[in-house]
Amino acid sequence: MARFDCLTGAKGVSMYPILDIDAQLLLATLFAAKRKPTELVGIVTAAELLGCPINSTNLWAESFRRLATHGLIVAEGEVYALTPAAQAMAEGLPKKADISERVFLVREKLSAYTPAEKSPSIPMTGAQFDEAIRAHKAITRQSGKNLLMPKPKLDDDQRRPARRPFGAGRRRS
């Protein structure tokens, strides 16, 4: 759908329709691929950690294809990463905001986003998301460290006493 911007006079293809799933997928990919491109299992793990349930794998696959077509997600073999445009969209989000507020803010930015050119789509199916969910569940059943899981908070009894900087409180003889 072509869109005409009244303020700038520019025509472009807007990303229509924009769903919450688009913003959730963008946030999960940002979280999972922060340092290096990630596999689909990492994106599923990040979505679960953020509290974005994957109820309909077909909707998530369609959202994945839509974000790729608009130049926000790129594939490098079997791993996925965000483009600089998508990373810029996620900058400036409040760090202490809950996930629903972040989804709302990213969705607003997605609605204002107009890609410069149409990018090639990444073939993605609901079956691929189903497989990634099964792999994620198998990993969570195993005992081991999952680096995407948050650290448990310590109770007051378990915390170490506060250290004083530069050895303050010690007497020198």
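Predicted model: local features only at pLDDT ≥ 70, side-chain atom pairs only at ≥ 80, totals over all residues.

**Entry 1: the chain as a whole**

I looked up the secondary structure and found 6 helices and 4 strands. Along the sequence I read the order β-β-α-α-α-β-β-α-α-α.

I then turned to the contacts. Among those between residues at least 6 apart in sequence, 69% join residues at least 24 apart.

For burial, I noted that 35% of the 173 residues are buried.

I asked how many salt bridges the structure holds. I found 4 of them. As background, I noted that side chains of opposite charge can pair when their charged atoms come close.

I took up the pair D20 and R107, whose closest N and O atoms are 2.8 Å apart.

Are the two partners buried, partly exposed or exposed? I found D20 partly exposed, at a relative accessible area of 37%. R107 is also partly exposed, at 32%.

**Entry 2: the bridges of E62**

I moved on to helix α3, which spans residues 57–69. There I found a salt bridge between E62 and R65, with an N to O distance of 2.5 Å. The two residues are 3 apart in this helix, which means a separation of about one helical turn.

E62 also forms a salt bridge with R66, and here the closest N and O atoms are 4.0 Å apart. I noted that this distance stands at the cut-off, since a salt bridge requires the nitrogen to be within 4 Å of the carboxyl oxygen. E62 and R66 are 4 residues apart in helix α3, again about one helical turn.

I checked the accessibility of each residue. E62 is partly exposed at 34%, and R65 is partly exposed at 25%. R66, by contrast, is buried, with a relative accessible area of 12%.

**Entry 3: the network**

Which residues are linked with E62 in a network of salt bridges? I recorded D22, R65 and R66 as the residues joined with E62 in this network.

Technical notes:
Residues numbered from 1 in each chain as written. Heavy atoms only, no water. Buried < 20%, exposed > 50% of the residue type's maximum accessible area, 1.4 Å probe, protein only. Contact = heavy atoms within 4.5 Å. Salt bridge = Lys/Arg side-chain N within 4 Å of Asp/Glu carboxyl O.
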